[in-house]
Amino acid sequence: MRKAQPVHDSVVEGFPPVHGGIFRVAPDGRVYRLRRDGHYELTPQHTTSRGGKYFAVSYVRDGKQKNFLVHRLVAMAHIPNPENKPEVNHKDGYGHNNNAENLEWATRKENVDHALKSGLMRSLETRGIPCAECGSPTLSKESLCTTCKTKRRIVENTEKRRDEIALKILDRVDVLSEKDVGDRPIEMLKLRVAGFTLAEIGRRYGLTRERVRQILDTSLEIPSGKRVITDDQRKLSEYVADRCFNVSALERRLGFAPSKLSRSLSLKAAMDDETFKKVSEFVGFADQPNCEEKRA
């Protein structure tokens, strides 16, 4: 790229200075930039990153480059703004036409209204398409209005949650054959697998949804909102107690938060896999022949 050449001072004399004299701007959109030697040069213009919609010029000060939109520079130099409006509108809708006669100061609303009226901005009235489910106009690429999209997301999340619950129950179904949980909890579990909500099950049995949750959790030994306390955790707890390990000392030695390990070993909270492995290896439980290689 050829270096911009300075112009004679007489060329820019009639053009108003902008930004403290950094630029002098012609009414047809030409911008002259102040050089270090005190003279002006015709500034190369480049398109912005917004899809090349506008022209901009740059200026470097203290090693930092800053870009300025050409249409704003032209408006600041040649168009009065007594109402102090914040935006500049292109009357013909073409962002590269920066002639002062094509520009006007505008509020955000005025700018948007002009874009809608001229077809530059999509609107439900001008470019909306029918929603695939309810027929209401929408601009969505998925052809779904906001209301239908929200409803579909709720349905998908509900189905996903029901599938997760069903899998959790099926994974623990062996518990039912080992424990005498009674007929009613088994019936409730079957309804839950079938997709019934806690409230729907509760209405069948005249119970609150929270009571239904308690019955199901107790039947499956799944603490509400927590991990499952496994057989391996129970065996580790007995192993530590039988050998009289100081749990507080173990917490300090292994870097656990106070009471975290004591709650797990007292079976008040489930133990995660990493903690189980760390404690097992330290106390020698992992070397026991009856210790399963993988936790249930």
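Guide: Strands here are DSSP runs of E with at least two residues, helices are runs of H or I with at least four residues, and both are numbered from the N terminus. This is a predicted model, in which local features need pLDDT of at least 70 and side-chain atom pairs count only at pLDDT 80 or more, while totals for chains, interfaces and linings use all residues. Residues are numbered from 1 along each chain as its sequence is written, and side-chain values use heavy atoms, with hydrogens and water left out.

Visitor: How many bridges join β4 to β5?

Guide: Three bridges join β4 to β5 (residues 40-42), and the two strands run antiparallel. Two strands are said to pair if DSSP finds at least two bridges between them. In the hairpin of β4 and β5, five residues lie between the strands, and glycine 38 among them takes a positive phi near 90°.

Visitor: And which residue stands opposite valine 25?

Guide: That residue is valine 31 in β4. Strand β3 (residues 23-25) pairs with β4 (residues 31-34) in the antiparallel sense, over three bridges. The hairpin of β3 and β4 has five residues between the strands, and glycine 29 has a positive phi near 105°.

Visitor: What is the order of the strands in the open sheet?

Guide: The order is β6-β7-β8, with antiparallel pairing in this sheet of three strands. Because β6 (46-47) and β8 (64-69) stand at the edges with a single partner strand each, one side of each is left without a neighbour in the sheet. Helix α2 (residues 70-78) packs on the sheet and touches β7 and β8, where contact means heavy atoms within 4.5 Å.

Visitor: Changing topic: at what angle do α7 and α8 pack?

Guide: Helix α7 (residues 183-193) and helix α8 (residues 198-205) pack at about 140°, with their axes 10 Å apart. Axes are lines fitted to C-alpha atoms, for helices over the stretch in contact, and angles run from 0 to 180 degrees between N-to-C directions.

Visitor: Which residues make that contact?

Guide: From α7 they are Arg184, Glu187, Met188, Leu191 and Arg192, and from α8 they are Leu198, Ile201, Arg204 and Tyr205.

Visitor: Which residues of α7 are buried?

Guide: Pro185, Met188, Leu189, Leu191 and Arg192 are buried. Buried means under 20% relative accessible area, exposed means over 50%, and partly exposed lies in between (1.4 Å probe, protein chains only). Seen down the axis of α7, the buried residues fall within an arc of 160°, so they line one face of the helix. The arc is that of the directions from the helix axis to the C-beta atoms. Asp183 and Lys190 are exposed on the face turned away from the buried side of α7.

Visitor: What about α13, which residues are buried there?

Guide: In α13 (residues 273-283), the buried residues are Thr275, Phe276, Val279, Ser280 and Val283. They fall within an arc of 125° seen down the axis of α13, so they line one face of the helix. On the other side of α13, Glu274, Lys277 and Glu281 are exposed.

Visitor: Which helices do the buried residues of α13 pack against?

Guide: They pack against α10 (231-242), α11 (247-254) and α12 (260-265).

Visitor: And what comes just after α13?

Guide: Glycine 284 follows, with a positive phi of about 90°.
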